[in-house]
Amino acid sequence: MPHTSPSSATASPAASSPDQPASGGLCAIHQPNLFPRLTTLAKLFAADCWIVLDDVQFTRRDYQHRTRLAALEAPERTQWLSIPTHLPQGRQTLIQDALIAGPASARRRTEAMIRQEYRTSPHWPALQTALEPVWAAFDTGRTAAVAETSTRVLLDLLGWDGRILTASGLPARPERSERLADLTAAAGADAYLCGTGGMTYLAPGPFTTRGIAVAPFLPPSTGIWASGRRVTSLWALAHLGPNGIAARLQALTGSPDSLEAAA
């Protein structure tokens, strides 16, 4: 699937909306997730633009500040990795306003847990280098900055060449489906890439009105995808390497006949 050329540097943890958005392509809208699961990473990889949904309520039991690590040789053995997070406005705190409780210690613990799980992988040197910006993001003191950076560096590692925008910098109505349609239009995309969960509540009207197609994203459920909804994509990257995962994601975003190769 072809990508639009970047109109804003993905090296920035939160690129702002360009004055003249690129036209066409697929748009994925997703909250920043800490070292996202393979299915989440695959959906973003399939899109030409990722809009970081940073201005909705922070949810403690979601993946905005935590991820499930899987042991390299025994993926059924898992443990949670969480960034201690303070919510200045309580339960009403937005994702963009959540603060890391003890950034220095949180960084040390996060780095140590990931190194402990994946340092024996032959692909660890590439992962270790790619993750350096994540450790630096702890200095911002913001949980969302770490989570977004952890996703961005993995997309970079896989050769993704799309754009990253933030929802807080784009105009949109508050209602759920209207908001998603407005954000997609503001990004200049002509199709919204929707996961299986989103398809259950999405109202097609706001998209139809704006001339935006809704494209379902349905990843496989076998092979490396069997745990893709549960554990961090770091496991797959350590297991098969960036090139191996990139090949599977490219197959997944190709024709339906290529899904078997993506398993």
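Biologist: Helix α6 lies across β1, β2 and β8, but at what angle does it run to β1?

Modeller: Helix α6 covers residues 176-186 and lies across β1, β2 and β8. Helices (H or I, at least four residues) and strands (E, at least two) are DSSP runs, numbered from the N terminus. The axes are lines fitted to C-alpha atoms, for helices over the stretch in contact, and angles between N-to-C directions run from 0 to 180 degrees. On that scale, α6 runs relative to β1 at about 130°.

Biologist: Good start! Before we go on, what pLDDT do side-chain atom pairs need to count?

Modeller: Residues are numbered from 1 along each chain as its sequence is written, and side-chain values use heavy atoms, leaving out hydrogens and water. This is a predicted model, in which totals for chains, interfaces and linings use all residues, local features need pLDDT of at least 70, and side-chain atom pairs count only at pLDDT 80 or more.

Biologist: Is α6 largely enclosed or open, and which elements are included in what covers its buried residues?

Modeller: Eight of the eleven residues of α6 are buried, so the helix is largely enclosed by the rest of the structure. Buried here means under 20% relative accessible area, with exposed over 50% and partly exposed in between (1.4 Å probe, protein chains only). The buried residues are S177, R179, L180, A181, D182, L183, T184 and A186. Their cover includes β1, β2, β8 and α8.

Biologist: Now the sheet itself: what is the strand order, and which strands are at the edges?

Modeller: Two strands pair if DSSP finds at least two bridges between them. By that rule there is an open sheet of five strands with parallel pairing, in the order β7-β2-β1-β8-β9. Two of these strands pair on one side only, and these edge strands are β7 (163-166) and β9 (213-216).

Biologist: By how much are neighbouring strands of this sheet turned against each other, on average?

Modeller: The sheet is the one ordered β7-β2-β1-β8-β9. With direction ignored, its neighbouring strands are turned against each other on average by 30°.

Biologist: How many bridges join β8 to β9, and which residue is the partner of A191?

Modeller: Strand β8 (residues 191-194) runs parallel to β9, and four bridges join the two. Within β9, the bridge partner of A191 is A213.

Biologist: Which strands does helix α1 touch, and what angle does its direction make with that of β1?

Modeller: Helix α1 (residues 38-46) packs on the sheet. Contact means heavy atoms within 4.5 Å, and α1 touches β1 (26-30), β2 (49-52) and β8. Its direction makes an angle with that of β1 of about 145°.

Biologist: D48 is buried yet has no salt bridge, so to speak; which backbone nitrogen does its side chain reach?

Modeller: D48 lies in the loop between α1 and β2. The nearest side chain of opposite charge is R163, 7.9 Å away; Lys and Arg count as positive and Asp and Glu as negative, while His and the chain ends are not counted. At 2.7 Å, the D48 side chain reaches the backbone nitrogen of L26.

Biologist: Lastly, which residues point one way from β3, and which the other way?

Modeller: In a regular strand the side chains alternate between the two faces of the sheet. Five of the five residues of β3 (residues 66-70) are buried. R66, R68 and A70 point one way, and the other way point T67 and L69.

Technical notes. A salt bridge is a side-chain nitrogen of Lys or Arg within 4 Å of a carboxyl oxygen of Asp or Glu. A polar contact is a pair of N or O atoms within 3.5 Å; within protein, one must be able to donate a hydrogen and the other to accept it, and residues adjacent in sequence count only if both atoms are side-chain atoms.
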